[in-house]
Amino acid sequence: MGGFMSFVRKEALHIVRDRRTMLIVLLMPVVQMLLFGFAISTEVNNIDFAVVAPKHSEAIRQQVERLSVNDYFTFKGYISPQATDELLRQGEVDAVVVFAEDYDRRVNAIADGYPTGPAIQLVFDASNPNVAASGAGYLQNALQVGGTQHLPIETHTMYNPQMKSAYNFAPGIMGLIFLLICAMMTSISIVREKETGTMEVLLVSPVRPLRIIVAKMVPYFLLSCINLITIMSLARFALEVPMTGSMVGLIGISLLYILLALALGLFISTVANTQVVAMLISGMVLLMPVIMLSGMVFPVENMPNILQAISYIIPARWYIEAMRKLMIEGLGFGAVWKEFVILIAMTVVLVTIALKKFNDKLE
Amino acid sequence: MDDRVISVKDLCKDFGTFRAVDRITFDVHRGEIFGFLGANGAGKTTAMRMLCGLSYPTAGSGTVAGFDVMTQGEAIKRHIGYMSQRFSLYEDLTVWENIRLYAGIYGMTRRQILRRTAELLDRLHFRDEIHTRVGRLPLGWKQKLAFSVATIHCPEVVFLDEPTGGVDPVTRRQIWELIYEAAAGGTTIFVTTHYMDEAEYCSRVSIMVDGQIRALGSPGELKTKFAVQTMDEVFRMLAREAKRGE
Amino acid sequence: MRILLVLLDKEFRQIIRNAFIPRLVLIFPLIIMLIMPWVATMDVRHINVAVVDQDHSAASQRLVQKIQASDYFTLIQLSEHYDESLARLEAGDVDVIVEIPDRFEKSLLGGSPERIRITANGVNAMKGGLGAQYIVQTILGTFAELQSDRGGDLSSDLFVVENRYNPTLEYRHYMIPALMIMLLILLCGFLPALNLVGEKETGTIEQINATPVGRFIFTLAKLIPYWLIGFLVLSIAMLLAWLVYGLAPVGSLGAIYLAATLFVLSMSGLGITIANGSSTMQQVMFVMFFFIMIFVLMSGLITPIASMPDWAQFITCFLPPRYFIAIMQAVYLKGTTIAELCPNYLALTAFAFVLNLLAALTYRKQI
């Protein structure tokens, strides 16, 4: 046991001495959480618009006034019809509201039930389709004249009333960070010892090879636990995620996932012979698919079926799904048993393969 | 005519509060094989790196091949060859590609390169290995190749940092033959080593202890001065005084 | 000049001999251009909708039909009890519930309609949020149709909407030009940095440092091959975008390549600066990873910069990809000219200058 602990100490020293890397590993989740929580929003909440009004009537002035006071719109001024394309192309405005020359007459005609043609033309820069689609909705609502002043529609949002994106992203960040630390860092650190030849020295020591590998993983496991605590505290106190779900389930499934990531790291280290290769396997085979296919940023439902099928074999997908249920929806452990079983099965398979490969390599 | 190729006075190098090289003063003459001895950590490599323009001296003055070590580091590099302690040719390039790279860097023409390479390969008996990747050569061959690359451009002075570290006795012998040949051709050799039998081959040696030069002279002079039979004993007597641990 | 050629010869040989780089050059644009656009879409479709119809009127039927007909929605459930639908929403099967109250049609005819209640699942903020918005638009459209059927006052005739530059609102067309920056960051920033530190780790840089090769020439020889690779890959990617998605730049190729040149220069400068400050590949990788993360999240690649709070928008001013993405999207879709995008080009030029200056200052041949 003494031998084992001295290996653990050696690994911990390696990590602690490389200040910059450690700082980044500890800081990365914090920065990600804060960015996702406070900086990034998929919601379109600002439309810059300009107005083309051949004749300035009182009705038009009121319409523009109504839009200007609305938080969603920023009025950029009256422009000539010729300037429309130029401003849109330069990105100075997202939309141009064009009032018809005989606006008042047309509105009255519509109100009388004998429409003579559209009174307002909305021209959008649709290069960003979401801005155009949301903008069309917002502007039409705001410009709605005659009839009901407010919409006969009432909207509620459950679970995440302010639509804070962080609610959605937090589990994804965890899925990514643990993979980065456990799989990528352990595999690179094991492979580096192979490359520099220090592994040979360790292997001839009386400590069993497997113990050496486990000792390598302990500090990374601890580092991941620190990150788990950081992310959960940030989620709870900075982003105010209610976290009413099962705490035991949350921690249990996270530890399981960390274990799985460590097994992946060991597996990669048996396959790769140089640091660069280990880095690329972790980057290309693990991180890219996790970012793309786990539903962390982009919704899985929108993807073509073949990509969705691939996402089933990605552990992070199941972990993120379970964490969403536990952290955000506040469900009990019973709601995630399926994910739990899948992750256990994946861990068992990976550990078995990794150990077999590791032992084969030794012989 | 002044035949001093290296001339150093009171050269110092500090790393923070640690003085790695402490006011060393010596001259090396044209065509000499100058042995630079000292225990591990005595400051040999640091001193050598300053002479090669790889590191700035903290204080003191000196010239190498007529250029100032304080201000003309880049000019020095045009007139020297350097072989570092750690093998540092490109392992993923072939023998020929490595030679051509360094010859090209020193501005040799294609004809010169071809002639020089043919000469070198013949001397090393490397003809069949010309298209082998350097990474696949055994260590001894690599060291011989590294020496040849360091002298490809016929520099005025060549700095060798432990050229025989880790190689077998036969290869060690061969490398020293190459060194002698180069010296006979007029190249000054500045060499560090831990093998005291090699020190006996040098025209003159200096011995560094704790960053300072404690002894300087031909092997014969030093043995007489310390009244011992071998360089090994000279070295031991001086090394015993060292205060710096390893 | 001759030294540069000799060094370039060496770099090219090493790259070609590398087991991995030539493959990366081929596979990477394929992954980015063939898989990413299908994945990286904020174009929310297949929103799962449950309708609770307590009205059973022609008006409610009409609304249900409209929801069924739209590509945006998948009608999962049609029930009479809100609780049943809420259970499906809790289970995650449903994103949005539309509840049409009893006597809705009558009240609509009477001029003071009862309220339609929409419940969105906020767990997936984007889907829930956009889903609710789309539903509101669909309902408004249905109202307008119903009104105009009766010659009512809420007429669709009031507005015409024109979507310029991307009339079909194809999200992919917005995403693809921006995705190309991933190629350039990786190939022209990340790889040369790893290569440079690799020479430090194996010690080969020591031998080069002892030769008269200038630091400028040495670094330039490292960068040129990656610049060429970067432009090759960018061109392959543009060709793929055209062949696979029918997306060709509306604006000039010159504008794109000029922006790419400036961007590549600034990314190389960043990479070299990082490499100068690192001694192992692992360090370079983590620092670069950190930067790439910030770039991807904050430069408008995934979410619009205009939606960020002011402090975050201020930070984005210091991210070179922000300007490059803006240029690519404008030139590709809108045909904006270099003159019109002048501020973006100037910003990129400034970054290229500053970052390369930093790289030159941090390079140490002597210690």
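This is a predicted model: local features need pLDDT of at least 70, side-chain atom pairs count only at pLDDT 80 or more; totals for chains, interfaces and linings use all residues.
**View 1. Helix 2 of chain A packs with helix 11 of chain C.** The pair comprises residues 19-39 of chain A and residues 281-298 of chain C. Their axes lie 10 Å apart, at an angle of about 5°. The two helices are therefore roughly parallel to each other. Chain A contributes A:R20, A:T21, A:I24, A:M28, A:Q32, A:L35 and A:A39 from helix 2. Facing them in helix 11 of chain C are C:Q282, C:Q283, C:F286, C:V287, C:F290, C:M293, C:L297 and C:M298. By class, the residues of this contact are 10 nonpolar, four polar and one charged.

**View 2. Chain C touches chain B.** Chain C gives 18 residues to the contact and chain B gives 24. On the chain C side, helix 1 (2-17) and helix 8 (204-209) supply at least two residues each. Helix 1 of chain C holds the largest share, with seven residues. The chain C side divides into six nonpolar, seven polar and five charged residues.

**View 3. Helix 3 of chain C has a buried side and an exposed face.** The helix runs over residues 58-69. At 1.5 Å a residue, its 12 residues should span 16 Å, and the end C-alpha atoms are 16 Å apart, which agrees. Buried here are C:A59, C:S60, C:L63 and C:I67. These residues cover an arc of only 100° around the axis, so they sit on the same side of helix 3 of chain C. The face turned away from that buried side carries the exposed residues C:A58, C:Q65 and C:A69.

Note on methods. Residues are numbered from 1 along each chain as its sequence is written. Chains are lettered from A and ligands numbered from 1 in the order in which they are written. Axes are lines fitted to C-alpha atoms, for helices over the stretch in contact, and angles run from 0 to 180 degrees between N-to-C directions. Helices (H or I, at least four residues) and strands (E, at least two) are DSSP runs, numbered from the N terminus. Angles under 35 degrees count as roughly parallel, over 145 as roughly antiparallel, 65 to 115 as roughly perpendicular and the rest as oblique. Two residues are in contact if their C-beta atoms, placed from the backbone, lie within 7 Å. Ala, Val, Leu, Ile, Met, Phe, Trp, Tyr, Cys and Pro count as nonpolar, Asp, Glu, Lys and Arg as charged, and the others, Gly among them, as polar. The expected span of a helix is 1.5 Å times one less than its number of residues. A residue is buried if 20 or more other C-beta atoms lie within 10 Å of its own, exposed if 12 or fewer, and partly exposed in between; C-beta atoms are placed from the backbone. The arc is that of the directions from the helix axis to the C-beta atoms.
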